[in-house]
Amino acid sequence: MNKTRLSKSARRDERTGYLLILPFVLAFAVFKLYPMLYGILVSFWKRNSLRTRASTDFAGLDNYITAIQTSTVWTSFLHSIVFSVIYVVLVMLLGFIVAVLFNKKFKGRTAVRTMFYMPYVTNMIAVGIVFKYMLNPTHGPVNALWRIFGSTGPQWFNSPVLALPTTTVVAVWAALAFVIITILAALQDVPEELFEVADIEGAGRWQKIRYVVLPMIAPTLFMLLTICIINSFRNYTTIVALTNGGPGTASRVLSLQIYEDAFTYSKYGVAAAEGVMFAAFIIFVNAIVSKVRSKCLERL
Amino acid sequence: MKKIALAAILVLLIALPVFAGGSKEETTDERVVTTVCRASYANEVWYNEMNKAFEEETGIHVIVQPTPGNDDDHDSKVNIDLAAGSTIDVIPSLGPRYYAARVEAGFFVPLRELVEGAGINAEEKFGANLPVEEDGDYYSLPSKIEAYCVFYNKDLFDKAGIPYPTGAWTWDDYRETAIALTDPENGVYGSFMNAENPWTILSSVQKEDPFYTEDGWCNFDTPSRREAIEWFYDMSNITKCQMPVDEMLNENVSWNYYAMAGDHLAMFSQGNWFTRLLNSQADYPRDWKYGIALTPAPEGANNNIVSAAYNSINVNAEHPEEALEYVLWLSENQWRFEGGIPAYAEMTEEDRQIAFGAMAEASEGQITVDDLYNCLVNNGMGAVQSDIIGTAADEYNRIANEELQAYFLDLQDLDTAMANITRRVNEAIQSYE
Amino acid sequence: MPGKTVEKNIGHIAFTVIMWVLAIMMVMPFVMMVIISFRTQGEAYEPIFAPFTPILRNYQQVLGHENFVDWYVNTFETVIITIILRLIVTLPAAYAFSRIKFRGSRAIMAVLMATLMVPGETTMVPRYLYFSNINLLDSIWVIILPEISEVFYLMLMSEFFRSIPEDLSEAAKIDGLGHLKILLTIFIPLSGPAIATTVLFSFINIWNNFLDPYLFISSIDHQLITPALRFFQGRGGADVPVQLAGASVATIPIIVLFIFTQKYFVAGVSSSGIKG
């Protein structure tokens, strides 16, 4: 008796629930999910020239095979990974350090925080113009510092070795605020008492971080890690704004390769296959991270 | 107080566009034609004057859509838009490489019937400059041709006590002249060339060394190509009589660089369109005089490099009639405004006076009509295309530029560069099925 | 003991100074951007603190561009329409996910979350082809429609709704209010901060989006401000001050907005469900 009444209201609830999520889910399915699935479809079509741009002839695995056999795809994939590793390590490490420092009181802390957060809200195209100006090896203000000591200084974006790391550092500069804010919020949630207990037990600064802070904010750090890894592969605009893949192919990343294959050379099928594999790779990396995360959180 | 100030700034910024210039004319039912252009063209005086003249003559209003970014971005963006079914009427293609791909893609309207309907025999009028396809039709009318030449800084020649180059010469002559002109203490280089096709492989292009093997694969690694590339390397990296590639990167060298920095660059190989920049004291103020010389040629291959510009009608054009009028008009008038060479089969004396007279006049005595005519047209040289044309040509071109740039920067040796080009281009050709 | 305080004080002052120096280094690019944008081409690479006569010509060239008004207006339209539509679809969905039990809610949420892992870069080809098929290209709607259903904002809102005490909605239920009523009369009035965060983040993200408008919009008068910056790069590397003037025009409104609303920005990041 009681049970049926409950389920009746539950059923009404359920209907309302579906109704309320319907607009969102519909928009999501039409404009977000479908294009993703469509990408898988396109990757199996013979659409590899302007002439065949609307073809739906089945290509089997040809596009995937072509992509895998193209050396530039591997070079740019490698560059994407290098970019990601440097980006994730730097952004997490610097973000953590700055957040810990920001947790202390000092004069003008609010203003300093604002200044640190500012790069996050500006766009990469504008930032690219500024950094290309600042890091111009012959005229730029940064290399002027080197010339004081009589050397010409690094070639930055024009150097085959430094081009990729330099773009990564610019991306880190722009993304740092997000990490700082998140870690800072987590730090502020660490109860004061824990520090007091640690003080009583005579823990040093490093020990406090290791045994009090880290375990408390570990979930946040892992969440951030996932987000930073995803963001590190969103680097098309950064590369286009700063180096356009050069010099030569020194900073060519996979997103640039996909863009050019599709939109400069009209090889939509191959580019879609590259996109699918790239997305699969990112999901795979995140699966590993989430494995490591549950292992680590268990241990803490 | 602080908040009020901030609010005031914010309001100001949001209101900014209201005060900014640029009111838009409302289009009524007047006749219009739409076209695209490079971001760099949109600011050029000649381009705007040309469209104004067309408007005055025909009453058709020209709406121009510039594309963001540099010239490479332009061509791929136009392809993106065309593939998406853009309804822009008239599509210009600079150089045959992009043009060929667009024709193959079926973006353009066949013109024979339309042009003949307008009472014009295009084959007679444009001769070899008309790109007739295998189907016997043509999909564009040429609006101008570009002939290569060498621009030089007369002041630097005078200072070094070297006579100006006249008549036919070889690349060895060019190299020796460049060495003699180079003056490292004053930052003077004898030569300046863009580090890209076709300059990096000039003599092999003049020798008409094919870019593809007979069965359609990459044929870049040939003795004549290596010779041309090594010559460029020698100029830039060994004798250093030519601005090295790393310095060009640092200087942010772009298409108009010589017009700004020619005071320390004695010779420069480029198409004749560059006279326009050298003649524009307003855009590129300059305190040195320039001259014009023939493109040097290797032994036994007395060819100059030429290129052409084409205008086509989009199959999805919104205003096909106006588009035809515009394309026809451009084929006869664009060269007059741009200061270029018409693509006619035969240039009349009158055309010659108009084409070169305007250039010579604008140069204020630095170059004469005869200089121009003798260097660009009446030079006794054959003509070869500047572009790579064929399967995956665009990708071929970029790969060659990237790998050779790495060679000129001493990041890899020539064998590696050649092997990389051959491998990557073959991969690209394969991916086109 | 006093010696130690002095030492501590010196340490503290040094620390403060270092933080300030670092902060100034962080904003140095913006300072340079603004200063150089008032210089002539010839003075562009003079030392940054060298005296010069400021000129407005670069800004006149940027603001005087015949399509500048279009870019600005389009960007604002896109941002405002997106925010309104986003709130309309996201608020009810967030309420449902946080307060109503229904079959499949976990599964749907899992699918939504999974797509967060696929960056837009990997799907630009199918998106372009698909939007082209459905004739969406070359209008601001090609930016707006896909932006409506961003999972990030759904998470942000759901998380916020979960922090609203259960008692409130229970009491309303006993009063006989339906879910929609509860959402409209109780939840939305309480969610000012979360809505402010959504508005702010939407504003920043759409304003700064480059790839999508660049790829999907072809007409110059339909373009948005960030890709439009590339129009000023057309004339090559020499016109640095004009490019920087363009960059200033595109970034300064956002920076001002940010300084104004920093509170919501910080709150948004820290309450976006990121805490795990």
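Trainee: How many residues of chain C are in contact with chain A?
Mentor: This is a predicted model, where local features need pLDDT of at least 70, side-chain atom pairs count only at pLDDT 80 or more, and totals for chains, interfaces and linings use all residues. Residues are numbered from 1 along each chain as its sequence is written, with chains lettered from A and ligands numbered from 1 in the order in which they are written. Contact means that the C-beta atoms of two residues, placed from the backbone, lie within 7 Å. Chain A gives 73 residues, and the number from chain C is 73.

Trainee: Which helix of chain C gives the largest share of the side that touches chain A?
Mentor: Helices are DSSP runs (H or I, at least four residues), and strands are E runs of at least two, numbered from the N terminus. Among those supplying at least two residues are helix 3 (68-99) and helix 13 (240-260) of chain C. The largest share, 13 residues, comes from helix 1 of chain C.

Trainee: How many residues of that side of chain C are nonpolar?
Mentor: Ala, Val, Leu, Ile, Met, Phe, Trp, Tyr, Cys and Pro count as nonpolar, Asp, Glu, Lys and Arg as charged, and the others, Gly among them, as polar. The side has 17 polar and six charged residues; the nonpolar number is 50.

Trainee: How many residues of the side of chain A that touches chain B are polar?
Mentor: The contact takes 25 residues from chain A and 28 from chain B. On the chain A side, seven are nonpolar and four charged; the polar number is 14.
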